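Welcome, and please open your viewer.

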Amino acid sequence: TIRTTQLAADSRYAKIMEVMRESESKRPQLQRLGDQLGAIYTPVALAVAVLAWVISGESIRFLAVLVIATPCPLLLAIPIAIIGSISLCARRAIIVKSPVVLEQIAGCRTAIFDKTGTLTYGEPKLTEQLIAQGFEQKEVLTLVASLERYSKHPLAHAILAAAKEAGIVLPEATEMGEAPGQGLRGTVSGRQVQITSRTKLVAQKIAGADQLPPVAGGLECVVVIDRRYAAALRFRDAPRTDSRPFVSHLGPKHQFARVMLVSGDRESEGRYLAEQVGITEVHAEKSPEEKLVIVREETSKAKTLYVGDGINDAPAMMAATVGMAIGQNSDVTAEAAGVVIMDNSLTKVDEFMHISRRMRIIALQSAVGGMALSVIGMVFAATGHLSPVSGAITQEVIDILAVLNALRAAFPPKVIFDL
């Protein structure tokens with residue numbers, strides 16, 4: 001029997017979506033590169049055309065200057081470079097939802113990472129079973145696995161995998177529930193079982209709590225059987241093999257001044273992972289709302305990159321200058337992110353940074369180079385060396401060169417990452 005105790009509007013999901021909508025309204029705006037160059041180029045072109053007419057007294061020179069001054073490299077080359085880069089990203093399993101992030105990522109100076117599933121594989125494994133006096137390991141694992149069989153918690157898979165490896169046959173669990181602040185509860189083979197945290201166990205004044213082992217690094221859950229402390233189960237979620245190289249190269253290669261870890265996990269687990277991957281600034285045990293506050297504060301100081309994978313990261317992603325989702329774990333996260341990495345790999349994040357940098361270089365080459373050639377053409381037209389017809393032909397050649405150069409953004413270079 002399933003009983004509903006709250007409205008959908010009061011759910012955690014609904015609250016996260018509300019925070020996301022609030023964050024979206026405060027995202028910074030980026031002035032387009034073409035507008036910046038066009039604001040300079042257009043007055044220059046008009047000034048040259050007018051001066052040529054005034055000085056020479058020949059209106060044909062005014063017309064010739066304007067013909068060759070058509071800003072087609074700005075109108076064509078920059079969008080082609082952007083679209084080509086988006087196409088290249090898609091072929092590299094990187095989905096760019098907002099083209100503006102291609103421009104923004106180069107200016108980011110603070111990198112903020114979620115922990116589980118981002119810097120780790122998101123597949124914790126049961127490493128220790130610390131059993132209290134009066135209980136047996138197999139008995140505890142059987143009862144816990146029977147209850148976790150119906151849970152969506154990340155640790156449930158690790159417990160079930162350990163039970164399967166031990167060849168345990170799981171009995172049915174009944175009267176299951178997960179009341180706020182009490183953990184997962186249920187009845188298995190007539191025994192009352194609760195899976196909770198160390199803090200909640202102490203707060204509930206459970207018998208045998210004095211047998212709790214000292215706090216250690218790693219993930220942990222505490223088992224209570226028939227209102228008595230029964231065991232502490234400890235887990236480890238291994239860092240990705242590319243996490244440390246990726247973090248360590250952000251400063252030298254991509255000019256990031258700060259790298260932060262913001263996680264909802266315990267302080268000990270957050271700091272343990274941070275040491276493994278080379279991060280010194282850690283904010284642990286943070287709710288989605290608290291993550292949002294941190295990201296907003298950092299974004300007010302410098303442009304930020306936020307990389308995460310879960311639904312709890314969605315509000316923070318939208319508040320960051322660039323939000324990036326790793327994997328396909330949540331539709332909400334994918335909706336919030338400006339970039340979605342389809343593969344679970346930080347190497348793809350580095351590829352995106354390189355594609356972005358290359359896009360900016362190619363776009364500038366095409367636009368500024370095209371404009372420079374046009375300016376040279378304007379000088380020839382203003383001095384009477386180019387007629388309007390010759391100017392039109394010259395302008396078409398310039399446009400073709402700019403477009404062909406911009407098309408290079410759609411093709412991968414020989415080196416697309418530097419990890």
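**First stop: a pair of helices**

Select I362, Q365, S366, G370, L373 and S374 in α14, which meet Q395, I398, A402, N405 and A406 in α15; contact means heavy atoms within 4.5 Å. By class, this contact has five nonpolar, six polar and no charged residues (Ala, Val, Leu, Ile, Met, Phe, Trp, Tyr, Cys and Pro count as nonpolar, Asp, Glu, Lys and Arg as charged, and the others, Gly among them, as polar).

Before moving on, note that this is a predicted model, where local features need pLDDT of at least 70, side-chain atom pairs count only at pLDDT 80 or more, and totals for chains, interfaces and linings use all residues. Residues are numbered from 1 along each chain as its sequence is written, and side-chain values use heavy atoms, leaving out hydrogens and water.

Now show α14 (residues 346-382) and α15 (residues 388-406) whole: their axes come within 9 Å and cross at roughly 170°. That makes α14 roughly antiparallel to α15 (angles over 145 degrees count as such; axes are lines fitted to C-alpha atoms, for helices over the stretch in contact, and angles run from 0 to 180 degrees between N-to-C directions).

**Next stop: α6**

Select residues 137-148, the twelve residues of helix α6. Is this helix enclosed or open? Nine of its twelve residues are buried, so α6 is largely enclosed by the rest of the structure (buried means under 20% relative accessible area, with a 1.4 Å probe and protein chains only). Among the buried ones are V140, L141 and E148.

**Last stop: S263**

Select S263, in the loop between β9 (258-262) and α10 (267-277). At 2% relative accessibility, S263 counts as buried. Leaving aside neighbours within four places in sequence, its contacts include D114, K115 and H283.

Notes. Helices (H or I, at least four residues) and strands (E, at least two) are DSSP runs, numbered from the N terminus. Buried means under 20% relative accessible area, exposed over 50%, partly exposed in between (1.4 Å probe, protein chains only). Angles under 35 degrees count as roughly parallel, over 145 as roughly antiparallel, 65 to 115 as roughly perpendicular and the rest as oblique. The expected span of a helix is 1.5 Å times one less than its number of residues.
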